[in-house]
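Have a look at the structure while I talk you through how the two chains meet.

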Amino acid sequence: MKSLDDVLQGIDGALGDSVARLFELLRFPTVGTDPAYHGACRDAAVWLKRLLQDMGFETRMDETTGQPVIVAEYAPRGLPSHAPRILFYGHYDVQPPDPLDLWESPPFEPQLRKGADGEERIFARGACDDKGQLMTFLEASRAWLKARGGLPFRLTILLEGDEEGDSTHLDRYVAKNRTALKADVAFICDTGMWNAKTPAITTRLRGCIAEEIVISGPTKDLHSGYYGGAARNPIRVLTKILGELHDRNGRVTLKGFYDGVDPVPAATRRQWKALKFPAKKYLAGVGLSIPAGEKGYATYEQIWSRPTAEINGIYAGYTGAGSKTVLPAEAMAKLTFRLVGRQTPAQIRKGLREFIKARLPGDCRVRYKSEGGDSMAVTVAESSPWVRLAQRALKNEWGRDPVLMAEGASIPVVGTFKSLLKIDSLLVGFGLEDDSVHSPNEKYNLTSFRKGIRSWARIIAGLADQQERHKP
Amino acid sequence: MTDINNVLQLADTALDQSLGRLFDLVRIPSISTDPAYKADCRRAGGRIVADLSALGFSASLRDTPGHPMVVAHFAPKGGEGKVPHFLFYGHYDVQPPDPLDKWTTPPFEPEKRIGKDGVVRLYGRGTADDKGQLLTFIEAMRAWITATGTLPVEATILIEGEEESGSPSLIPFLKENKAELSCDAAFVCDTNMWDEKTPAITTRLRGMVKDEITITGPSVDLHSGAYGGPAANPIRILSKLLSKLHDKNGKVTIPGFYEGVSDLPRDVKAQWQKLKFSDKKFLKEVGLSVPAGEKGKGTLEQVWARPTAEVNGIWGGYTGAGTKTVIPSQAHAKLTFRLVGKQKPEKILKAFRAFAKAEVPKDCKIEFAAYGSGSPASEIAETSPLIRKSAQALKDEFGRGTALIGSGGSIPIVRYFKDILGMDSVLIGFGLNDDALHSPNEKYNLSSFHKGIRSWVRILAALAK
């Protein structure tokens, strides 16, 4: 095994330049969801294209139904036929910076500030999500190319600008470019570490589907005095339905809901248990103390391995100041379901419709609106060679075994790659829980950035070693 | 004795002017529940004072901690002490007009439209509730004064501006002005006819008490991916709580809720049966077909003689377009309870709150914000001479016997007049079931307005006898 010192020293020695490049990228206000910033998104895409070109990649900017994507190809002659093909994914768009007045420094003027704890942090919108994270991989590739002249794999880099908005733009793009994006595995840098000292590989993600339901009863709003008692109140119908969505043990009562929900393998459960998930702290941090999910499951199991039915919004009748004695004509609720295992969006929707139908009075009606962006749950086998390789590399860099983590939230692109490209994703990221992603004063620790670059360099080295071993 | 026909004729010929005055009043958006319309409430009260003063009333706008009251007196020349003295009550405030996009014409730009059925209707918020109704007696008095220079009875008019927001200033005002406002009886014009051809006097009114609940779970809005499962969701807690308010037979499950509720007396039941009320038609008119109230009770009984627990508004979390994966920190609901018999508002509120608290997990919080102290139900003796005289006057106008009915709505004033001023109330109104009170496209039939004015002309004469 060849020493990696040359690459790592190159990374540390040029860290200032890496930070400068990240700052350049952070200065583009790439709020993809706001048309006012679409020019900035395009400018950032052009900047990224040039950056990748300068690194020696064959690069193009492709239009999509949303923001443009940047695709960079690296396929040098001379790579052995068994060299893997890797698809690296990141996104250059960011969340809106509001509320602006809560930022200590302007969101698109990045600043490196040293905290009282001695840790240096990069403050800016996108510092972590996902500009800082995606740059860890690009800077590692740059250092490797500089020290060694060539990467030990074929590489396609895909950078999109709609991650924070409508994920269907990228879905359409991937569907149309399956051949060009074909790879053995996707590397994604958009997740977190277990804590500031312990790296993590995310191997489980819950899926998500969204449904809006509107129950309508009377043809118009009624006076609750003249009609109250005899006339159906859609709020009562809706709350009855929602009130019965869970049994008293917190289990979802839709028929067939738990089909395809597999028990967590014993080995994984042991691992999770050993993590000593700080359930109390986790709930206390948001003002709660009683785990509200399914009885019989630990807090972390409720987030990582159990499906949910949540009501994200409800609205009906009079909601202004004072009171209004009205029986409204309709009542609306927005629901999302987090999916695990092999649960399918169709199965959940069918269960929901049957459930509501059975509870809907004969003279009421229901309308459904399925929001786009369905995603199924994703589980990457922990025995996968990619996971093994990343585990070794991360351990070497951080001096600690990485945690194989699950994530309650969804990363729809992982599902897209799985369903359209038939590939698994390796989710390695260096974000921390206190990075204020999507909030004011987003930051990325300089340690996350530096050791993130070094971690990817070690993963690249692992791939190089593999090839050495496979040499005929 | 003046020929009543002269007065009626005058009311007929002056109908357009009466209508103009109604439209002027409807144009003022006097929404009492919303502080943004405070000045408009005052303006509406002021307009009525000016009108009554011009008629020869001694009228004034009286300040209260909330919206002002209109008080006006008219003593017939030489009639003081010789003719009976009645109080006439109405309210100049209106319900909020939301949802605005459902109105065919703007709520505060009244319009007269002829329907395909040839019926002329007056559209606008308050055309029926209660601006149109209160003007029926004011315009009838105008006709009397114009035709004869005086009224056949002594009249005190009280028009309040807080009826739609629970009348918070009314009790202290009645107490402070007890001597000035006490009369032989009160007439309240805020109720409906039985149908468009049959006049009615309402003898039973449900009471009401309101509550608002806020459930707080997490201290901030949470990402439903990162927290969904273990984090308590206030919308779920609220839905669960509300879903338990009724059993499968539609009965309210709050312990002690039915204390003081008695079964309907047999004779009243028999009289109501004679009204040949069609449950089916009543529901069909509003797009429904399945009676939703307590099983085993007819629709009339459900609306007139049974208490309810209703949710009037609910909100929490993200309600805009698309989706937001949030577990909100709070969820809210507004409720009203309609009361009958001897149910006590404060007891109902207390029982509901105990019931609600028991449904909330220990790490969540529930808060309550009541609006006013509520009012118990009222019943008026159907044998009272005032009711008999009024019923006859209405029969003379409409050519049909007057129905003595109940009303599901609450008119707390009736209870206050009895308790504070010691007088009975006679509830006569000309609204119809399809008037869309509190809803978009509120209307008042022109015939309700016209025959309403004519009815009061007759009632005023009958009362003097």
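So, Tyr315(A) has Trp315(B), in E11(B), as its bridge partner. The two strands involved, E11(A) and E11 of chain B (residues 308-317), run antiparallel and are joined by five bridges. Strands here are DSSP runs of E with at least two residues, helices are runs of H or I with at least four, and both are numbered from the N terminus; two strands pair if DSSP finds at least two bridges between them.

Quick housekeeping: this is a predicted model, where local features need pLDDT of at least 70, side-chain atom pairs count only at pLDDT 80 or more, and totals for chains, interfaces and linings use all residues. Residues are numbered from 1 along each chain as written, chains are lettered from A and ligands numbered from 1 in the order written, and side-chain values use heavy atoms, leaving out hydrogens and water.

Now the whole interface. On the chain A side 73 residues are in contact with 86 residues of chain B, contact being heavy atoms within 4.5 Å. Together the chains bury about 6,600 Å², 54% of it on carbon and sulfur atoms; that's accessible area (1.4 Å probe) lost on putting the two parts together, summed over both. In chain A, Tyr226(A), Arg236(A) and Lys324(A) lose the most area to chain B, together 11% of what that side buries.

What about salt bridges across the interface of chain A and chain B? The rule, a Lys or Arg side-chain nitrogen within 4 Å of an Asp or Glu carboxyl oxygen, finds two. Glu310(A) and Arg236(B) make a salt bridge at 3.8 Å, N to O.
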